[in-house]
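Please consult the sequence and the coordinates alongside the text.

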Amino acid sequence: MYRGDYENWKSWIQGSPQWFAQGVTAVAASPVQPSPAQSSPAQPSATQPSFGSASAPRSTALTPVVPLLRSAADPGAGERTGRGGGGCVPSQWASSGESKLPGRPSGLTHTDGMDGESWVPQPFSPGPPGGGGGGGGAGSGSGESPGGGHGAAVLLQPEVLDLDEDEDDLEVFSKDASLMDMNSFSPLMPTSPLSMINQYKFEDEPDSKDLFITVDNPESHITTIETFITYRVTTKTSRGEFDSSEFEVRRRYQDFLWLKGKLEEAHPTLIIPPLPEKFIMKGMVERFNDDFIETRRKALHKFLNRIADHPTLTFNEDFKVFLTAQAWELSSHKKQGPGLLSRMGQTVRAVASSVRGVKNRPEEFTEMNDYVGTFSQEINLIDKISHRIYKEEKEYFEEMKEYGPIYTWWSASEEDLVDSLKGVASCIDKCCKATERRIVDLSETLLPVVHEYVLYSEILMGVMKRRDQIQAELDSRVEALTYKKGEKEVLTEEIGKLEDKVECANNALKADWDRWKQNMQNDIKLAFTDMAEKNISYYEQCLATWESFLTTQTDLHLEEISEDKP
Amino acid sequence: MEQGAPELPPGLLAEPLGGLAADPVAAGDEEAAGIGCGAEGRLAGSGDASMTGGSFWSKKIEITVSEAEKRTGRNAMNMQETYTAYLIETRSVESSDGQSVLTDSLWRRYSEFELLRNYLLVYYPHIVVPPLPEKRAEFVWHKLSADNMDPDFVERRRIGLENFLLRVASHSVLSEDKIFYLFLTQENNWKETVNETGFQLKADSRLKALNATFRVKNPDKRFTDLKHYGDELQSVISHLLRVRARVADRLYGVYKVHGNYGRVFSEWSAIEKEMGDGLQSAGHHMDVYAASIDDILEEEEHYADQLKEYLFYAEALRAVCRKHELMQYDLEMAAQDLASKKQQCEELATGTVRTFSLKGMTSKLFGQETPEQREARIKVLEEQINEGEEQLKSKNLEGREFVKAAWADIERFKEQKNHDLKEALISYAVMQISMCKKGIQVWTNAKECFSKM
């Protein structure tokens, strides 16, 4: 029972002064900025509803996802939140206190300055309070700069510890409690052991994962209206902001689409991982044939894990909801946010203004654009070639299957050649099996990776467009400034905001770009190296087969040769 | 007398030309007369039962079909045509130092080879005559040309023709044949010489042979089995060659598509800083991989050709069986005829009519014949019976000798076939091994490039 768990947690926290003190001290001493979104819970407009509660709608599409708990001592947070926009404020899970205190993994680290302009995203790394926190003041970081703030670590203010006095938060929790009942797989333990271990680790390995997701177990659902497939999404985590350490939910493709949309909204210039296609146009007889489902399942699994590995996206609130909410919770959660119409309006504006954004595009982004164009071309070709190879190999395999047995057939009428003929037949059959394995390997390692990057190339193009559009907004205001002198002040303020937005967007993109490129290189290198390996192994197997046949033949042959020389 | 000659057992010089053609040959052909050794050898061998004595070749010879040339000429209908001529060179080998001396060299076209072979089929029906390479390209896979003028086809045919000549030359019986000898040595008028033997007339009619196949009652079981074996062999090798061609086609596709990686990697490497070198060099290896299939499949064609030879040999086997059936049928008919004549004779002698006969009917209708008439008829019959018995005896003898000779050659053929096919299978394995090794090398190189990206 969650409520019970919370009670336990509360008393545990209070009852373990040593740990508690340590944690608190760490917090107090840390230069880390508290989560910017630690505004009072009475600010629904600026914040994402907390886990499970179906409350405040999102104010704008660009509002960052705000963590669960808010600190009352962060008055400026709301403002900052509002200003922070543009996806450059990372979504954060506020630590619920016991986990990750010293070493909160941070997506984006604020290095210097509070104005949010020069943060540097870092790979997912729980670091020491100092490191993990990056920039940020000591406990009172919230007061440091009204305009600043976001970033990094989620070290809690001491104020957080007053939670049990905060009625709203309690309410939150109580709501959660009722919901938690539905969560069939939540363990009784309030915290996972890992989360407790983590507090003592000041120097975690940079890549230690604390969120494990699997997508499996596709099931068909038939209703009067439609038939669809759901997949089981299992999450194991040691993160504190999750109410439990294990979740199991069922999701359908539509839900994944929704999540992707939300992530794109929240972070227009981050590179959101690709989803498998909605339809396969050609060659699909049945929408739900097994291969299709399996391929899709694998891709969905990868999708979620890529998000989990992304330093920023992993803390996205919608992502968390996606992983943990029950079906009805999710649908009510989905209904929040800007309506369809407003989203459509945005799209129209986006298309209209993206063209303008090209004019003042910084050089590096033009280079990026060019790269993306060529990359897209090449990866598409590689995708085609790889599929063609797969097809040719399959056909080769089909013909080979018929070839071996003919030698066996022949051996029936040749008494003196039985061994040789059967030997050849057996070799061909073995090579045939090796070919089959080669084909399977190809379809399991190379093809999905290449295809994923084909989808990525489209995503990149979208990201570039959105960046251009954000820039275009700024440019149009700047232009307007030169004409409309009367509204100078208003415009100047707008421009100021937009400049921030553009800067944020650009920086987000740059950082994510570098990360994406690194990943791409690794993935491609791995996939092709693996393919080469598999091919080598294939030829080695065939070689061994034929060589052993040859030895049997030449042994006998040498005997015969010694008798008569042709 | 021509009749009996072809069926002599090996060892004796087959004298298809007999005395008949010898003169025109000697008269019209300077070369043949000029080679005293050869002529003497032939003459010396006519009565000689030993093999060596009857040979045209005093020394060991080497035969090569060394060149192929496109020619144009006028054919029988006086129309322009293009054909390929092949240069045949014969060398005699000095046994002491192994040096060879060119003794003859002439050009022949495919149709002349066909003529030679048809001649051999008629005059040596008890021999499994080596087959010629195919007239038209069959069992082609798409990259292989079906055009007779295609240089690869011509080259493979050249090899096949050489193989044919070598097989004939190393056959104990066939190598002694004069027409074969002239084929290698008499450039002009050889065709006329062959035709003058009148061998076309001696050929058994297809219809007769077919008839015999259906009606023969007691063929030698070994030949029946051999015929079935021939059918099987033809069937299985055809199927094998067909499927092999399809497999080759597919394999070609797999390799060649990889070549596209080369081009794309090259283009891609232009925009990559760290990955560029690795991509570029990997691409190069993909090109190497794609190109390697051409040689691999070229070699495999030789394997296919070896199998094809035995595909056509199956037909030669069946030809020998057909001849046996024909002779057997002939024998059976002769025996049957003799038996009926004997019976007739008996009936006439004893006056009983056991079977229905026209004579019996007419005598019933028109009255009995006179004793003198009957005597006369009996006399005629007895003569015929005597003749028939003589014929039957000789036919029997012929038949047995044919069977003996043919079976000996068939045994020889079996040995040859087992040896050759085994070699072919081994060489196929060697080809596969070579292909695998190449594959390992290319992909190892590619892997290294990829891992450096």
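Predicted model: local features only at pLDDT ≥ 70, side-chain atom pairs only at ≥ 80, totals over all residues.

Across which strands of chain A does helix α7 (residues 253–266) lie, and at about what angle to β5(A) does it run? Helix α7 of chain A lies across β4 and β5 of chain A, and its direction makes about 105° with that of β5(A).

**Sheet of chain A**

- Three strands of chain A form an open sheet with antiparallel pairing, in the order β3-β4-β5.
- The edge positions belong to β3 (211–222) and β5 (246–252) of chain A; each has a single partner strand, so one side of each is left without a neighbour in the sheet.
- On average, neighbouring strands of this sheet are turned by 20° against each other, direction ignored.
- β3(A) and β4(A) (residues 227–237) run antiparallel and are joined by 10 bridges.

**Sheet of chain B**

- Chain B also contains an open sheet of three strands, ordered β1-β2-β3 and paired antiparallel.
- Its edge strands are β1 and β3 (100–109) of chain B, each of which pairs on one side only.
- Neighbouring strands in this sheet are turned against each other by 15° on average, direction ignored.
- Nine bridges connect β2(B) with β3(B), and these two strands run antiparallel.
- One of the residue pairs involved is Ile88(B), whose bridge partner in β3(B) is Leu106(B).
- Helix α4(B) packs on the sheet, where it touches β2 and β3 of chain B, and its direction makes about 100° with that of β3(B).
- Helix α6(B) lies across β1, β2 and β3 of chain B and runs at about 95° to β3(B).

**Helix α5 of chain B and its surroundings**

- Helix α5 of chain B spans residues 151–169, a stretch of 19 residues.
- From the first C-alpha to the last, α5(B) reaches 27 Å, close to the 27 Å expected at 1.5 Å a residue.
- The buried residues of α5(B) include the arginines Arg156(B), Arg157(B), Arg158(B) and Arg167(B).
- Also buried in α5(B) are Phe153(B), Val154(B), Gly160(B), Leu161(B), Phe164(B), Leu165(B) and Val168(B).
- The cover over these buried residues includes the strands β1 (60–74) and β2 (80–93) of chain B.
- Helices also contribute to that cover, among them α4 (110–123), α6 (178–185), α11 (276–350) and α13 (371–451) of chain B.

**Chain B as a whole**

- Chain B has 13 helices and three strands.
- Of its 453 residues, 47% count as buried.
- When contacts between residues at least 6 apart in sequence are considered in chain B, 74% join residues at least 24 apart.
- The accessible surface of chain B is about 22500 Å², and 52% of this belongs to carbon and sulfur atoms.

**Residues with positive phi**

- Most residues other than glycine have a negative phi.
- Asn217(A), which is not a glycine, has a positive phi near 55°.
- Asn217(A) lies in strand β3 of chain A and is partly exposed, with a relative accessible area of 30%.
- Asn189(B) likewise has a positive phi, about 60°, although it is not a glycine.
- Asn189(B) is located in the loop between α6 and α7 (190–196) of chain B, and its relative accessible area of 48% makes it partly exposed.

- Gln377(A) is placed in helix α12 (residues 363–411) of chain A and counts as partly exposed at 47% relative accessibility.
- The C-alpha atom of Gln377(A) is separated by 8.9 Å from that of Val454(A), a residue 77 positions away along the chain.

**Cysteines**

- A disulfide is a covalent bond between the sulfur atoms of two cysteines.
- Zero disulfides are found over all chains when the whole structure is searched.
- Cys321(B) is buried, having a relative accessible area of 1%.
- Cys345(B) also counts as buried, at 10% relative accessibility.

Key
Residues numbered from 1 in each chain as written. Chains lettered and ligands numbered in written order. Heavy atoms only, no water. Disulfide = S-S within 2.5 Å. Buried < 20%, exposed > 50% of the residue type's maximum accessible area, 1.4 Å probe, protein only. Helix = DSSP H or I, 4+ residues; strand = E, 2+ residues; numbered from the N terminus. Expected span 1.5 Å × (residues − 1). Contact = heavy atoms within 4.5 Å. Areas by Shrake-Rupley, 256 points an atom, 1.4 Å probe, with all protein chains shown as cover. Pairing = 2+ DSSP bridges. Axes fitted to C-alpha atoms, helices over the stretch in contact; angles between N-to-C directions.
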